[in-house]
Amino acid sequence: MSSLYPLVQNETIKLIKKRRFLVVVLILLVLIPMFTYAQYRVSAEREKQFGTSNWRIEAEQRLKDMTNRMSSPRISEDWKKYMRVEMTRIEYALDKNVNPSTPNGVTFTREFMKNALSLFVPLLIAVVGADLVSSEHSSGTIKLLLTRPVARWKVLTSKLIALIMFVSLIAVMIGLVSYGVSGAVFGFHGWGEPVLVGYRVVGEELSTADVYAVSQWKFILMEYGLAWYPLVVVACITLMVSVLVRSTAAGMGIMLATLIAGTILSEMASSWTSAKYLFMLNLGTIDFLTGDLPSIPGLTLTFSLIVLTVWAVGALITAYAVFTKRDVLN
């Protein structure tokens, strides 16, 4: 492992010099204030609409609206399933008197990661990792890199370790920037407020039998831990694409197209059960914490983690097999 340290250090310096991480931070500093302002406007409009900031009045009105919409023949069955789950969640929150979306910096931080995990954050990972190997071909340094007296698997492992380090750093930066910006608007309090977890979707119904309350700080640790794993899987797949495709632009295009296709499929593939084996449709691991209706019936947290693991292992096996045997002289 000692021989890996200078290689990892070298790859880390390369990533820093490319300034991709700086670009990611700048993207967060631009977009998160926009999302915060949008959330502020939504909160202000709701308070204006209901004439109060009492969350129970708003929740009860949402229940009435959903009940009325359920009787409409123009509502699809998929939407009715979603509304039944949401109605159960709202009724349980009202019964336990736990506001599911208290406006504060902590709530925004957890909700932002939940909403961004399926597309936005994986895209940031692709931006950072898409050229880890392909850029070596573009610059011509691949020959120098692979003819050094160092085992090729160690070279690729150092790139993987450096990428995972930056994935972790990106997750931390998302939390810090989200909390810092939204906290300045909504307040920095809320760490000890309760969050209901343990919901389970059984068939088309939401089960509350195992629901319990945890503090927001515990929930965020659980949430970011669950978010970190699929991001590492995306990093492994990005590394494989970077090994297979010698063009950085082509590699980044493949990852962008794949991730965007996953978002589209999640909205359209409810009846295509085989789609559940695609890694893109299993990135939303946080949804299982809050009992959201899965995009494809039958998805569970255990199943999604297994699918993600298989994809990650397969991607790494392919990447190592190609990288260690590639002829760089021709």
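Which residue forms a salt bridge with D210? The partner is R200, and the closest N and O atoms of the two are 3.0 Å apart. R200 sits in strand β2 (residues 200–202) and D210 in the loop between β3 (205–207) and β4 (212–215), so this pair ties together parts that are 10 residues apart in sequence. Please keep in mind that this is a predicted model.

**Salt bridges**
- The count of salt bridges comes to nine.
- R200 is partly exposed at 39% relative accessibility, and D210 is partly exposed at 43%.
- R89 and D292 join through their side chains, with 3.2 Å from N to O. This pair links distant parts of the chain, 203 residues apart: R89 belongs to helix α4 (residues 77–96), while D292 is in the loop between α12 (287–290) and α13 (301–325).
- R89 counts as buried because its relative accessible area is 12%, under the 20% cut-off.
- A network of salt bridges connects E86, R89, K114 and D292.

**Helix α5**
- Spanning residues 105–116, α5 has 12 residues and reaches 16 Å from first to last C-alpha, close to the 16 Å expected.
- Of its 12 residues, 10 are buried, including F108, F112 and K114.
- N104 caps the N-terminal end, with a side-chain oxygen 3.1 Å from the backbone nitrogen of V106.
- R110 and E111 form a salt bridge at 3.0 Å, N to O; R110 is buried at 4% relative accessibility, whereas E111 is partly exposed at 26%.

**Surface patch**
- L256, I260, I264 and M268 make up a nonpolar surface patch with about 370 Å² of accessible area together.
- I260 lies in helix α11 (residues 248–268) and is partly exposed at 39% relative accessibility.

Conventions. Residues numbered from 1 in each chain as written. Predicted model: local features only at pLDDT ≥ 70, side-chain atom pairs only at ≥ 80, totals over all residues. Heavy atoms only, no water. Patch = residues over 30% accessible without salt bridge, like charges linked within 9 Å, V, L, I, M, F, W, Y side chains within 5 Å. Areas by Shrake-Rupley, 256 points an atom, 1.4 Å probe, with all protein chains shown as cover. Salt bridge = Lys/Arg side-chain N within 4 Å of Asp/Glu carboxyl O. Helix = DSSP H or I, 4+ residues; strand = E, 2+ residues; numbered from the N terminus. Buried < 20%, exposed > 50% of the residue type's maximum accessible area, 1.4 Å probe, protein only. Expected span 1.5 Å × (residues − 1). Polar contact = N/O pair within 3.5 Å; in protein donor to acceptor, adjacent residues only side chain to side chain.
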